[in-house]
There are 2 protein chains.
Amino acid sequence: MRRRSTTLTEQELEIMKVVWERDHSTVRDVYETLLERRKIAYTTVMTMMKILEQKKYLKKTLADRAYVYRPAQPKGQVIGDMVRDFINRVFNGSAEPLLVHLVQEHDLSPEELEEIARLRRPS
Amino acid sequence: MRRRSTTLTEQELEIMKVVWERDHSTVRDVYETLLERRKIAYTTVMTMMKILEQKKYLKKTLADRAYVYRPAQPKGQVIGDMVRDFINRVFNGSAEPLLVHLVQEHDLSPEELEEIARLRRPS
DNA sequence: GTTTTAGTACTAATTAATTAGTATGAGACG
DNA sequence: CGTCTCATACTAATTAATTAGTACTAAAAC
């Protein structure tokens, strides 16, 4: 058997990124945005957004004739869950080795680190 | 269609973690390690390791009667690829917002940050 | 030498993720 | 009013990921 993902899957995330950029979104809004990047069918977007609503990532209200969707959870929360899940899967729950990777391979200078460190300890 | 993953999938990663801990591994070695954690069939492990060999994550040599597997790429390289893939998917290629998440939600103190920062700039 | 053991190769089934087609209905428009 | 447009609901097909069974073979054990 194949375990169902506890976080956003790849395409779900693509849709949520569009939705988070906007105050509210119809299927057509998201469809047109995604269509700029790749071939996709309107009903594909609709199906995905229905799934996201069932998974409690989106909430919908009926406006005029079409559903209007809004995020059901703040972006930071959802992304934070994905980061946590990644750290669990790849680093057995320990954040520090991920940080080491970032510093060593992702062009993060000590200056940037210090700046970010101040987020936790405002001087 | 469903795009094939460019990085290690969840169960592939579980097997690679076991292999990386050891100098060399047979299917039985990995099977017995995984069995301590969960129910799994010997042939399941064998199939997965064959896939990992085809994907160039493992290389095998025939020793005695059974294949002996070794990592074909260093762990740091493979994990680094996974980190890069995650940053691409979730943060559109930018490492800094991931760092902010780590600092804010994963108990990383400024002291730890400074220590890690020294990895890049040995005093 | 026959049987038991332990390995691989091959096949296949299941489920999640992704994609999209078809049917249907309500409102806009002539 | 009939038709066109645009929305949803429902159904279904495809592929990747995961799991494991069965057949076969060679060596070990008796």
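**Chain A meets chain B: close-up legends**

**View 1. The contact between the chains.** The contact draws 43 residues from chain A and 43 residues from chain B; contact means heavy atoms within 4.5 Å. This is a predicted model: local features need pLDDT of at least 70, side-chain atom pairs count only at pLDDT 80 or more, and totals for chains, interfaces and linings use all residues. Residues are numbered from 1 along each chain as its sequence is written, and chains are lettered from A in the order in which they are written. About 4000 Å² is buried between chain A and chain B, and carbon and sulfur atoms give 67% of that area. Buried area is the accessible area (1.4 Å probe) that two parts lose on being put together, summed over both.

**View 2. The relation of the two copies.** Chain A superposes on chain B by a rotation of 180° with 0.0 Å of shift along its axis (RMSD 0.1 Å). The same surface serves both copies: 100% of the contact residues of chain A recur in chain B.

**View 3. A salt bridge across the interface.** Two salt bridges are found across the interface of chain A and chain B. The term means a side-chain nitrogen of Lys or Arg within 4 Å of a carboxyl oxygen of Asp or Glu. R3(B) forms a salt bridge with E10(A). Their closest N and O atoms are 2.8 Å apart.

Notes
Heavy atoms only, no water. Least-squares fit on C-alpha atoms with pLDDT ≥ 70 in both.
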